Amino acid sequence: MKRNLIWALGAAVIMAAGCKNYLDEDIRGALLGAQALESQEGLEAALTGAYKGWANTWGYGFIHATAIAATMGGDDVTTHKASNKADFREFDQFAVPATNQRTQALYNGCYKAIQGANNIIANYPNTQGDAATIDAIVGEAYFIRAVSYYWLVRLYKDIPLIQQAEFSEDLLAIEKSGPEEVYNLIVGDLQKAEELVPNTKRDPGRPNKGTVKAYLADVYLTMAGWPLKQTDKYALAAAKAREVIENKDLYGFRLLDTYAELFENDPEKNGTDESVFQISTFMGVGSTNNANYGFSAMPGEEGGWDDFFAELNFFRDFPEGPRKDATFRTTFVKGDGSTISWEDSQTQHPYYYKYYQKNEVKNWASQIPESMMRYAHVLTIYAEAQARATGTPDELAYACINAIRQRAELDLFENMSGPEFADAVVQERAWEFAAERTRWFDLVRLELVAEANSNKDANDLQPIGELTEENYVFPLPFSETSANPNL
């Protein structure tokens, strides 16, 4: 705890004391105390530091394969059976120990972002500057804290809930909070962010009001499932998603015409109109490169790292059409120029073409933005939540899911019962967001993890032991539990 979570809160105190061991840490965003935040510039700098928790190549956050590895318990993504992928395999086989370094990277990154957000929320009342800009900064801070806790509570369930900016000795013995308390904070933070952020994004890597509404809809959808099972939240999820859909032009969101356009992966373009929220990346600074696109998603035959690729039954069951063509890579060009099929590759698996860089650039890094939520996701939230809330899909629910299916050149849904429709929407989400860190969380909230992993192909990694609710979450990192017995 002292080294990771608590360090971020106590950095300013430790620096003042001159402790050399902490001088080697990445301290951007952590040293801005109350005096520095009295200016609008200081508040903006603190916000940049908070965002940094989500985007540090190899260190923490979402711009390397850690976040994809953490969702390998779904039926869409797997990894190499051997090689140096032990940490990844532990997720796919439901045998994640507290010493797994991949889960710790997400844990540390989210708490770094939370620390930065807490710093802003605690100190902004004394900030001098343009009121509208200060509101936007504070709204983004609430959004960052909410989304960070949303990831943490889904990955770990019972977690330390920290809202204070200043370090205190009490934090060294902090206890875990249950998911209901955490979700209440998340909802409250998103509601505050919804009031404060503008309708237009300040730049592509920031939220606007539509972004916040979309995340609030997703949070409500999750709260309706495991572990809280607050089914009254289905109606709230549908209502909030509808607000986004009915105001999509105001917020600048739309469904792109083709699926292939979504994954053009041109590093010269900073996102698309389908991006509800993204993490923008930059090749000019080493720690801000996006390492998900390129070698991480490519087979060894093409010089790749084999970090993640498609599970076999998921690929085989995937509906044929342009969406499947844009999703998967099924032939590979070797160094000698020859081409082999996925069946003849070393891993004998298809790979995710959607994570190749434009023009098939062979590199480990890019400045392709990391998509965290797409407008298509909002459409599926409404469709599923409305059907579950009322028992019958309405006209808009059909329109939402059929817009996605029409783009994929699939038959449209019609004349379905409420439960049948909702289940079909969940499956459609699996196809639409394959390898986009969505499927795992759907399986958990709907308690379908065991069922989805019950019929794996023999050439895929198999679960170790019987799957129960205990496999829905990961143990807190050993660095935290060893320092604080209360965790």
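Predicted model: local features only at pLDDT ≥ 70, side-chain atom pairs only at ≥ 80, totals over all residues.
Trainee: Why is Arg 407 called buried?

Mentor: Arg 407, which has its place in helix α15 (residues 395-407), has a relative accessibility of 8%, and because buried means under 20% relative accessible area, the residue counts as buried.

Trainee: What makes the pairing of the side chains of Arg 407 and Glu 432 a polar contact?

Mentor: The two side chains come to 2.8 Å, and since the limit for such a pair of N or O atoms is within 3.5 Å, the pair is a polar contact. Leaving aside neighbours within four places in sequence, Arg 407 is also in contact with other residues, including Asp 257, Tyr 259, Glu 274 and Arg 374.

Trainee: How do you know how helix α14 runs relative to helix α16?

Mentor: The axes of α14 (residues 375-390) and α16 (residues 418-432) come within 8 Å and cross at roughly 160°; angles over 145 degrees count as roughly antiparallel, and therefore α14 is roughly antiparallel to α16. Among the residues making the contact are Ala 376 and Ile 381 of α14, together with Phe 421 and Glu 432 of α16, and the residues of this contact divide into eight nonpolar, three polar and five charged.

Trainee: Why is Glu 447 described as partly exposed?

Mentor: Glu 447, in the loop between α17 (439-445) and α18 (449-452), has a relative accessible area of 35%; because buried means under 20% and exposed over 50%, Glu 447 is partly exposed. Glu 447 also has a positive phi of about 55° although it is not a glycine, whereas most residues other than glycine have a negative phi.

Technical notes: Residues numbered from 1 in each chain as written. Heavy atoms only, no water. Helix = DSSP H or I, 4+ residues; strand = E, 2+ residues; numbered from the N terminus. Buried < 20%, exposed > 50% of the residue type's maximum accessible area, 1.4 Å probe, protein only. Polar contact = N/O pair within 3.5 Å; in protein donor to acceptor, adjacent residues only side chain to side chain. Contact = heavy atoms within 4.5 Å. Axes fitted to C-alpha atoms, helices over the stretch in contact; angles between N-to-C directions. Parallel < 35°, antiparallel > 145°, perpendicular 65-115°, else oblique. Nonpolar A, V, L, I, M, F, W, Y, C, P; charged D, E, K, R; others polar.
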